[in-house]
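Me: I have a model open and want to learn to read it. Can we go through a few features together?

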Amino acid sequence: MATMEFDPLRYEGITYALRLLQAGVPVELHRCLGTFHGSPAVMSADVSQRQLAELGSVLRRTLAE
């Protein structure tokens with residue numbers, strides 16, 4: 001799960017991830033500093049490219065397990 005730094009839903013995402021962990025569900029929480037809700041849509045931004053690369057890496061690692 002990824003949360004954006006400037007997102008009105010940030011705390012809800014963090015709470016949801018923590019509740020999943022408490023329920024025994026494996027989850028990773030990634031805080032994306034310098035981002036806002038929908039920021040990955042700005043593909044030319046360095047922060048968006050880093051975020052998408054990180055999330056892609058997590059997805060590849062998870063699917064390989």
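Reply: Start with charge. Lys and Arg count as positive, Asp and Glu as negative; His and the chain ends are not counted. The place of a charge is NZ of Lys, CZ of Arg, CG of Asp or CD of Glu. Here there are 6 positive and 7 negative side chains, and the centres of the two sets lie 2 Å apart.

Me: What kind of model is this?

Reply: This is a predicted model: local features need pLDDT of at least 70, side-chain atom pairs count only at pLDDT 80 or more, and totals for chains, interfaces and linings use all residues. Residues are numbered from 1 along each chain as its sequence is written, and side-chain values use heavy atoms, without hydrogens and water.

Me: In what order do the elements of the chain run from the N terminus?

Reply: Helices (H or I, at least four residues) and strands (E, at least two) are DSSP runs, numbered from the N terminus. The order here is β-α-β-α. That gives two helices and two strands.

Me: Is S39 buried or exposed?

Reply: Buried means under 20% relative accessible area, exposed over 50%, partly exposed in between (1.4 Å probe, protein chains only). S39 has 2%, so S39 is buried. S39 sits in the loop between β2 (30-36) and α2 (46-64).

Me: Which residues does S39 touch?

Reply: Contact means heavy atoms within 4.5 Å. Leaving out residues up to four places away in sequence, S39 touches M4, S48 and Q51.
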